[in-house]
Amino acid sequence: MVSSTVNVVRYTALFSGIAYGWYHRRTLQATHDAHKREEAVHHREKLIAEAKDAWKRKQEALSDTNLITDPEDPRFDLEKLIAKWEKSS
């Protein structure tokens, strides 16, 4: 026959384990959620930086308007035209 003291110890250990498991899971989930939020922020910052770089390259390509594309013009330079095409692609 099991004494009442042993039952009290068993149930105390059981409920203590359940409470600890609940608390530990909660802290792990909070840490994971914080990490995911930081990762999302860094990802957005990276996308913004890439968009800014792409916009800057596009503006630089558009600002190169002094390039002459008419082959009949005496100031026409084929090397500059090819370099511009390579840069834009």
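Is Ile82 buried, partly exposed or exposed, and what is its relative accessible area? Ile82 is partly exposed, with a relative accessible area of 36%; buried means under 20%, exposed means over 50%, and partly exposed lies in between, using a 1.4 Å probe and protein chains only.

## Basis of the report

This is a predicted model, in which local features need pLDDT of at least 70 and side-chain atom pairs count only at pLDDT 80 or more, while totals for chains, interfaces and linings use all residues. Residues are numbered from 1 along each chain as its sequence is written, and side-chain values use heavy atoms, with hydrogens and water left out.

## Overall form

The chain contains two helices and zero strands. Helices (H or I, at least four residues) and strands (E, at least two) are DSSP runs, numbered from the N terminus. The radius of gyration of the chain is 34 Å, well over the 12 Å that the globule rule gives for 89 residues, so the chain is more spread out than a compact globule. This radius is taken over C-alpha atoms, and the globule rule is 2.2 Å times the number of residues to the power 0.38.

Along the principal axes, the C-alpha atoms fill a box of roughly 110 × 20 × 10 Å. Of the 89 residues in the chain, 4% are buried.

## Helix H1

Arg25 is found in helix H1 and is exposed, with a relative accessible area of 54%. Arg25 and Val6 are 19 residues apart in sequence and 28 Å apart in space, C-alpha to C-alpha.

The structure holds one aromatic pair. The ring centres of Tyr11 and Phe15 are 6.3 Å apart and the planes stand at 25 degrees, so the pair is stacked. Rings of Phe, Tyr and Trp (its six-membered ring) pair if their centres lie within 6.5 Å; planes under 30 degrees apart count as stacked, over 60 as edge-to-face and the rest as tilted. Both residues lie in helix H1, four residues apart, about one turn of the helix. Tyr11 is partly exposed at 49% relative accessible area, whereas Phe15 counts as exposed at 53%.

## Helix H2

Ile82 belongs to helix H2. Ile82 and Val2 are 80 residues apart in sequence and 92 Å apart in space, C-alpha to C-alpha. H2 is hardly covered, with one buried residue among its 11 residues.

## The largest pocket

The largest pocket holds about 210 Å³ of space. A pocket is an open set of points on a 1 Å grid over the protein atoms alone, where a 1.4 Å probe fits, with protein on both sides within 12 Å along at least five of seven lines; lining residues have an atom within 4 Å of a point. Grid points are joined across faces, edges and corners, and a volume is the space filled by probe spheres set on the points.

Ten residues line this pocket, and Arg57, Ala61, Lys84, Lys87 and Ser88 lie nearest its centre. Helix H1 (4-63) and helix H2 (78-88) are the elements that give two or more residues to the lining. H2 gives the most, with five residues. The lining divides into two nonpolar, one polar and seven charged residues. Here Ala, Val, Leu, Ile, Met, Phe, Trp, Tyr, Cys and Pro count as nonpolar, Asp, Glu, Lys and Arg as charged, and the others, Gly among them, as polar.
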